[in-house]
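I opened this one to see how the fold goes together and what a few residues are doing. My notes follow the order in which I looked things up.

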Amino acid sequence: MKFDLDYLEKLAKIVYENDLSEITIEDEKQAVCLKREKELVPAPLQAVLPSTVTSQVVSSSEQKPSEQKIQNSPHRGVPITAPMVGTFYASPSPDESPFVSVGDSVAAGQVVCIIEAMKLMNEIESEVSGKITEICVKNGDSIEFGQVLMYVE
């Protein structure tokens, strides 16, 4: 597979139009990772400021929500939100048990669910350690960017 400029531009368009945070394509000889970095601005201004799409062959670390200020809700805990639009899956496959259930303890970095976007399965990790206090969506639900998936206390 050859990663020419036209191919990369098509991938960037897919990332942008489907509000994906990243896409990675690789074969035996090479890999490309496109990451979409969004500016953190107050909610009313987000529609005005464009986001950018960057391309790189080697993935670099990006700022995680754990590095941002996360405020605990006094009743539910820290929200885990959807980083993209897609379909929520609570388990790795239909015949397996869910990644987490209410009352389970989780560690920072532990996979808590999967979001499918454009046939790509994206593992969603907890940014904090604690106990799952609430799961706000059902298996197979369509979810929106920023929607609260669950709370960790």
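The entries below go from the whole chain to the helix, the sheets and then single residues.

**Ground rules**

I am working on a predicted model, where local features need pLDDT of at least 70, side-chain atom pairs count only at pLDDT 80 or more, and totals for chains, interfaces and linings use all residues. Residues are numbered from 1 along each chain as its sequence is written, and side-chain values use heavy atoms, with hydrogens and water left out.

**Whole chain**

I looked up the secondary structure and got one helix and eleven strands. Helices (H or I, at least four residues) and strands (E, at least two) are DSSP runs, numbered from the N terminus. Along the sequence the pattern reads α-β-β-β-β-β-β-β-β-β-β-β.

Next I checked burial. Of the 153 residues, 29% count as buried. Here buried means under 20% relative accessible area, exposed over 50%, and partly exposed in between, with a 1.4 Å probe and protein chains only.

The protein exposes about 9900 Å², and carbon and sulfur atoms supply 52% of that area. Those areas come from the Shrake-Rupley method with a 1.4 Å probe; for residues, only the protein chains shown count as cover.

**Helix 1**

Does the length of helix 1 agree or disagree with its residue count? Helix 1 covers residues 5-17, and its 13 residues should span 18 Å at 1.5 Å a residue; the end C-alpha atoms are 18 Å apart, so this agrees. The expected span is 1.5 Å times one less than the number of residues.

I then listed the buried residues of helix 1: L8, L11 and V15. Seen down the axis, they fall within an arc of 60°, so they line one face of the helix. The arc is that of the directions from the helix axis to the C-beta atoms. On the other side, D6, K10, K13 and E17 are exposed.

D19 follows helix 1 with a positive phi, near 50°.

**Sheet 8-7-5-10**

I traced an open sheet of four strands in the order 8-7-5-10, with antiparallel pairing. Two strands pair if DSSP finds at least two bridges between them. The edge strands are strand 8 (120-125) and strand 10 (142-143), each pairing on one side only.

Strand 7 (residues 111-117) pairs with strand 8 in the antiparallel sense over six bridges. A117 stands opposite L120 in strand 8.

I looked at the loop between strand 7 and strand 8, and M118 lies there. K119 is found in that loop as well. Most residues other than glycine have a negative phi. M118, not a glycine, has a positive phi of about 55°, and K119, not a glycine either, has a positive phi of about 70°. M118 is partly exposed at 43% relative accessible area, while K119 is exposed at 72%.

**Sheet 4-11-9-6**

I found another open sheet, with four strands in the order 4-11-9-6 and antiparallel pairing. Its edges are strand 4 (78-81) and strand 6 (105-106), each of which pairs on one side only.

Strand 9 and strand 11 run antiparallel and are joined by three bridges. The bridge partner of I132 is V152 in strand 11.

**V148**

V148 lies in strand 11 (residues 148-152). At 24% relative accessibility, V148 counts as partly exposed.

Which residues does V148 touch, leaving aside its neighbours within four places in sequence? They are P79, I80, T81, C136 and V137.

**S126**

S126 is found in the loop between strand 8 and strand 9 (130-135). Is S126 buried or exposed? S126 is buried, with a relative accessible area of 1%.

Leaving aside neighbours within four places in sequence, I get contacts from S126 to I80, V106, A107, A108, G109, Q110, V112 and V152. A polar atom of the S126 side chain also lies 2.5 Å from the backbone oxygen of V128.

Terms used
Contact = heavy atoms within 4.5 Å. Polar contact = N/O pair within 3.5 Å; in protein donor to acceptor, adjacent residues only side chain to side chain.
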